Structures are given as structure tokens and as C-alpha cells.
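Okay, everyone, thanks for coming. Let me put the structure up, and then I'll walk you through it.

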Amino acid sequence: MITAFPFGTLPDGTSATRYRLQAAPDAYADILDYGATVQGLVLPDRNGRPVDIVLGYDTLEGYVSGDCYFGATVGRCANRIGNAAFTIDGKTYSLDANDGRNHLHGGLEGFDRRMFRAEIAGDTLRLSLVSPDGDQGYPGRLSLTVEYSFDERRVLTVRFRGETDKDTVVNLTNHSYFDLSGGQAPMEQVLWLRADRFCENDENTLPTGKLLPVQGTPFDFTTEKPLSRDLNAKDPLLLSCNGYDHNFDLGGGGTLQPAARLSSGVTGIAMTLSTDMPGVQLYTGNFVHGTGKGGREYRSHDAVCLEPQFFPNAMAVADFEKPILRAGETYDRTIVYAFHTEA
Ligand code: GAL
């Protein structure tokens with residue numbers, strides 16, 4: 001069942017709405033039309049107490065003034081594009097340089113800052129947006145839908161679909177910050193990642209193009225371990241960005257399959273993330289800040305993001321799969337978050 005509640009007004013007078021997707025009496029997701037954002041995600045802990053497992057704000061103003069991308073749909077191209085430019089078929093397009101000289105998360109007015117049009121279709125919330133030709137520098141008019149459903153098995157599905165009238169770059173993700181411990185021990189969350197390799201980063205968190213084996217490094221999550229175990233290891237790749245902020249290789253995209261599992265021993269809440277994207281960015285909220293829900297002061301390492309996506313800067317690295325959407329083709333990618341509570 002989906003119900004709608006007012007969620008404030010933008011400076012230009014546009015009203016925002018929060019949609020509650022009730023999966024079960026004790027499980028729901030709150031989704032905003034602003035940024036097609038996951039604002040809240042509530043599941044029961046092992047004693048049946050409700051726990052909100054994502055960071056975010058109580059008000060629309062929080063989202064308008066915030067810069068952490070809490071729960072947002074990020075695009076047109078999630079993550080970084082080196083030197084804020086890319087070339088398709090010999091033509092170079094310049095984008096906003098909003099992260100030093102690089103481009104981050106779709107630019108100054110990325111999709112996280114757009115009002116989507118909402119439609120309720122049974123148990124699916126369909127959010128649509130038209131991104132005009134030249135939006136933030138990207139070519140082509142992109143028509144996009146983000147569909148959310150949260151079913152009685154406690155499976156939250158996010159499906160992104162898009163079409164363009166000119167060849168362009170599209171790489172969409174959801175930027176939820178997960179803390180399945182509900183504020184008690186975020187870095188004690190236990191993570192498994194189906195990745196044998198990860199992207200080496202330069203000092204600006206941009207992949208160098210080199211894929212490194214995880215084996216024998218702090219980046220090995222092929223056997224589950226708490227995030228805290230190696231977070232403070234004296235590894236230059238961790239030290240340079242204050243924690244994990246790296247893209248992991250899922251061995252090629254195209255098929256929806258489990259990529260990660262996250263759980264908290266404190267609450268018993270566990271999540272399996274499946275995706276058909278080739279990579280997943282692991283970001284331990286290294287630069288999280290601001291006053292969030294319930295007046296809580298958020299700090300570094302208060303949550304973890306697992307963002308399915310193409311490898312960052314893929315347009316510039318010969319061996320990386322390209323996030324190109326051709327005119328006339330359909331972009332169609334899915335993230336599935338399956339929850340359960342362990343005794
Ligand atoms: C992440 C990115 C980080 C940081 C963050 C937003 O997706 O990997 O480097 O930019 O978003 O604060």
C-alpha cells in the first residue's frame with residue numbers, strides 16, 4: 001500500500017510529497033519525489049522494535065541545503081568524471097567541474113536536486129523526469145523513470161529506465177547511507193562483497209584505471225568482516241580518502257545477482273543487495289556531516305553506502321565498460337535490497 005503526505009515546499013513554490021510504501025505492518029520505505037530519494041527505511045530489530053536504517057533529513061530544507069546525497073537518485077552519471085569532460089564518437093562534451101577539476105554525481109544540479117513527477121501504479125511508485133538536451137553539459141534529451149516497490153517479503157526494488165534522442169552517458173544509482181545498527185555501531189556492520197578486484201584511486205578519488213586484487217589487502221570482503229576491521233589500516237589507498245571510497249569489480253554487469261550482504265549484530269537486521277551493474281562503490285561515509293533526522297549530528301563513518309554503478313571515469317579508461325546510452329536504446333537497470341531480521 002502506498003500513501004502520500006506533504007513534505008514541504010521548494011523556494012519556487014513547488015510542493016514536495018513523501019510516499020510511504022508499506023511492505024508489512026512493521027516495514028516501510030519513505031520515498032520523496034524530490035531527488036527520487038529514499039528518506040526513511042524502517043525494519044524491525046530482533047525484538048520487534050522499529051529501526052530506521054538510512055541517514056537523511058526530517059525536512060525538505062535539509063535535502064535542499066545538504067550536500068551528502070542522502071538516499072538520492074544520482075545522475076546523469078554517478079561518481080566522478082575526470083577533468084569534467086567526456087568524448088562520444090569523437091565529440092567532446094564539457095560538464096560542471098563540481099569536485100575540484102572533476103565532475104561528481106551529475107553536476108551542480110544533478111538529479112538529486114530535481115523534482116520528479118510521481119504516479120502510484122498499484123504497489124509501485126513511478127517517479128519520472130525529463131532531463132533536457134545539454135542538461136549540466138550532457139547531450140540528448142533523457143526521459144527517465146525510477147520505480148520503487150517494497151513487497152511483503154521485505155524486498156525493496158528500484159528500477160531505472162531511460163531513453164535519449166542523442167547518444168549520451170547514463171549511469172544511475174541510489175545513494176542511500178545504510179546503518180543497520182540504527183545509530184549504535186555503524187562500522188561494526190559486517191560486509192560481504194562479491195568482488196575479487198577493486199579500482200585503484202588517485203589522490204582525488206578518481207580511478208587510475210588499474211584494477212587491483214583484493215586478496216591480502218584491507219579491500220578483501222570476499223569473506224565477510226566488520227567494516228571497522230581494516231578501516232584504519234595504514235594503507236595509502238584508505239588514508240588518502242579517510243576510509244573506503246572505492247569501486248569494486250562485480251565481474252561484468254547485465255545479470256541481476258547478489259553483490260553484497262550487510263548485517264548488524266546489534267539489531268539482527270540484514271540486507272542482501274543485488275544488481276545488474278558491473279561495479280559497486282563502497283563509501284564509508286568519510287565526509288558525512290550535518291544535522292539529520294531527529295536532530296542527530298551526523299559524523300564521519302556513521303553509515304555505509306553501497307552504490308551499484310559503472311566504474312567511475314569509465315569513459316576515459318579503455319578497458320572499463322562504457323556507460324553509453326545510444327539514441328533509440330533503452331537504459332534498464334535494477335537494484336534489489338532484500339531485508340530480513342536474524343534472531
Ligand atoms: C560518494 C563518493 C564520495 C563522495 C560522496 C558524497 O558516492 O564516492 O567520494 O563524493 O559520494 O559526499
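Another one is R20, which lies over the face of Y28, at 3.8 Å from the ring centre.

Quick housekeeping: this is a predicted model, where local features need pLDDT of at least 70 and side-chain atom pairs count only at pLDDT 80 or more, while totals for chains, interfaces and linings use all residues. Residues are numbered from 1 along each chain as its sequence is written, and side-chain values use heavy atoms, with hydrogens and water left out.

Now, rings with rings. Rings of Phe, Tyr and Trp (its six-membered ring) pair if their centres lie within 6.5 Å; planes under 30 degrees apart are stacked, over 60 edge-to-face, and the rest tilted. That gives 17 aromatic pairs. Take F70 and Y177: their centres are 4.8 Å apart and the planes are at 75°, so this pair is edge-to-face. F70 is in the loop between α1 (60-65) and β6 (72-74), while Y177 is in strand β17 (residues 177-178), 107 residues apart. Those labels are DSSP runs numbered from the N terminus: helices are H or I with at least four residues, strands E with at least two. Both F70 and Y177 are buried, and buried here means under 20% relative accessible area, with exposed over 50% and partly exposed in between (1.4 Å probe, protein chains only). These two also belong to a cluster linked by ring pairs, along with F7, Y57, Y63, Y283 and Y298.

How are the rings of F86 and Y138 arranged? The centres are 5.9 Å apart and the planes at 35°, so we call that pair tilted. F86 lies in strand β8 (residues 85-88) and Y138 in the loop between β12 (124-131) and β13 (142-150), so the pair ties together parts 52 residues apart in sequence. F86 and Y138 are both buried.

Staying with β8, four bridges join it to strand β9 (residues 91-94), and the two run antiparallel. Strands count as paired if DSSP finds at least two bridges between them. T87 has T92 in β9 as its bridge partner. The hairpin of β8 and β9 has two residues between the strands, and D89 there takes a positive phi near 45°.

There's also an open sheet of six strands, antiparallel, in the order β17-β26-β25-β22-β19-β20. Its edges are β17 and β20 (207-213), each pairing on one side only. Inside that order, β25 (residues 279-283) and β26 (residues 304-309) pair over five bridges.

Next, the ligand. An N or O atom in the side chain of H175 is 2.8 Å from a ligand oxygen, and a polar side-chain atom of H105 lies 2.9 Å from a ligand oxygen. For Q281, the distance to a ligand oxygen is 3.3 Å. Taken alone the ligand exposes 310 Å², and the protein buries 92% of that (Shrake-Rupley areas, 1.4 Å probe; for residues, only the protein chains shown count as cover).

Methods: Lys NZ or Arg CZ within 6 Å of the ring centre and 35° of its normal. Polar contact = N/O pair within 3.5 Å; in protein donor to acceptor, adjacent residues only side chain to side chain.
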